[in-house]
Amino acid sequence: MELQVGESRTAAVVEDLSRTRIAMYAGASGDFNPLHTDEVYATRVAGQPTVLAHGMLAMGASGKVVTDWVGIGALRSFGGRFVRPVRPGDTLTARATVEAVQVLEGRQLAELAVETTDQNGRTVLTGRATADLGPA
Amino acid sequence: MTDFRFPVEASQVLAFARAIGDENPAYTDPSSREAVELGAIPAPPTFAMSAAHFEPDYPLRPRQGRPWPESADAGEAHWLHAEQHFEYRRPMVVGDVLDVVQRPGRTWDKASRGGGTLRFEELVTEYRDTRTGEQVVVARFVRVLPVTSGEGE
């Protein structure tokens with residue numbers, strides 16, 4: 001596989017996030033923090049305007065823009081920083097951009113920047129991924 | 001040395017892929033192209049998070065005989081997940097049984113915008129193949145908690 005610096009892909013990864021989907025993520029991941037699924041706890045105890053999605057739901061969903069492009073098996077690293085909370089009703093778009101392609105120990109490695117934005121264009125997650133494109 | 005054991009199972013991978021909205025057939029169909037290439041159904045890149053199910057003392061899960069939510073009034077209540085990083089030595093696949101070992105990583109402080117101090121703490125988790133001992137994934141969890149609050153926060 002060949003990638004050029006500056007190339008990018010965009011994917012709609014979450015559409016109108018439902019509370020049900022957040023509950024699904026809680027069950028799948030094992031993170032049952034009530035901040036994510038219990039409106040009473042989130043508002044009255046934690047002082048939040050409403051529940052918020054697990055940061056890892058946004059990051060997990062965003063991974064698709066990378067794996068659909070380079071392949072699941074090619075991934076060497078994936079990381080993310082949670083910039084702002086994601087809440088029910090949010091729609092997320094993830095973009096991956098090739099920042100560098102370099103040869104390391106005989107392998108071609110691509111460095112990708114990942115950025116996920118909500119329906120208002122605000123960044124909710126910034127991340128990076130490394131993909132192994134094969135022998136140099 | 002092993003903190004706990006994490007079996008990578010097909011039904012859990014299916015549920016996790018659905019929860020993150022990734023309908024790539026690789027995560028459910030052993031005859032899909034990527035599953036065939038990898039020799040088994042692969043786990044999504046962030047699937048290691050679900051090892052929490054197997055962590056005996058994982059705090060974010062209700063347990064018999066304990067108040068829930070446990071940390072509502074405790075000092076631990078207000079930390080937030082700030083960052084998460086994974087390094088993959090090879091793809092994690094269904095059928096893997098992994099030994100999980102956790103250790104504290106770095107700690108650092110940063111001034112918050114409101115003039116207070118934020119403390120960042122790292123937790124490093126290694127996932128090793130029980131059969132070969134080889135590292136499969138190394139994860140770095142970073143959480144942030146306010147240690148002093150500034151004005152205007």
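This is a predicted model: local features need pLDDT of at least 70, side-chain atom pairs count only at pLDDT 80 or more; totals for chains, interfaces and linings use all residues.
Local features need pLDDT of at least 70, side-chain atom pairs count only at pLDDT 80 or more, and totals for chains, interfaces and linings use all residues. Residues are numbered from 1 along each chain as its sequence is written, chains are lettered from A in the order in which they are written, and side-chain values use heavy atoms, without hydrogens and water.

The size of an interface is often given as the accessible area lost when the parts come together. Here is that area, with the contact counts (contact means heavy atoms within 4.5 Å). Buried area is the accessible area (1.4 Å probe) lost by two parts on being put together, summed over both.

| Item | Value |
|---|---|
| Residues from chain A in the contact | 33 residues |
| Residues from chain B in the contact | 38 residues |
| Area buried between chain A and chain B | about 2900 Å² |

Carbon and sulfur atoms give 63% of the buried area. In chain A, A:A28, A:M56 and A:I72 lose the most area to chain B. Together they make up 20% of what that side buries.

One salt bridge links the chains. A salt bridge is a side-chain nitrogen of Lys or Arg within 4 Å of a carboxyl oxygen of Asp or Glu. The partners are A:K64 and B:D22, with their closest N and O atoms 3.3 Å apart.

Strands also meet across the interface. Strands are DSSP runs of E, at least two residues, numbered from the N terminus. β2(A) pairs with strand β2 (residues 80-88) of chain B in the antiparallel sense, over five bridges. Pairing requires at least two DSSP bridges between two strands. A:R81 stands opposite B:E83 in β2(B).

How values were computed: Helices (H or I, at least four residues) and strands (E, at least two) are DSSP runs, numbered from the N terminus.
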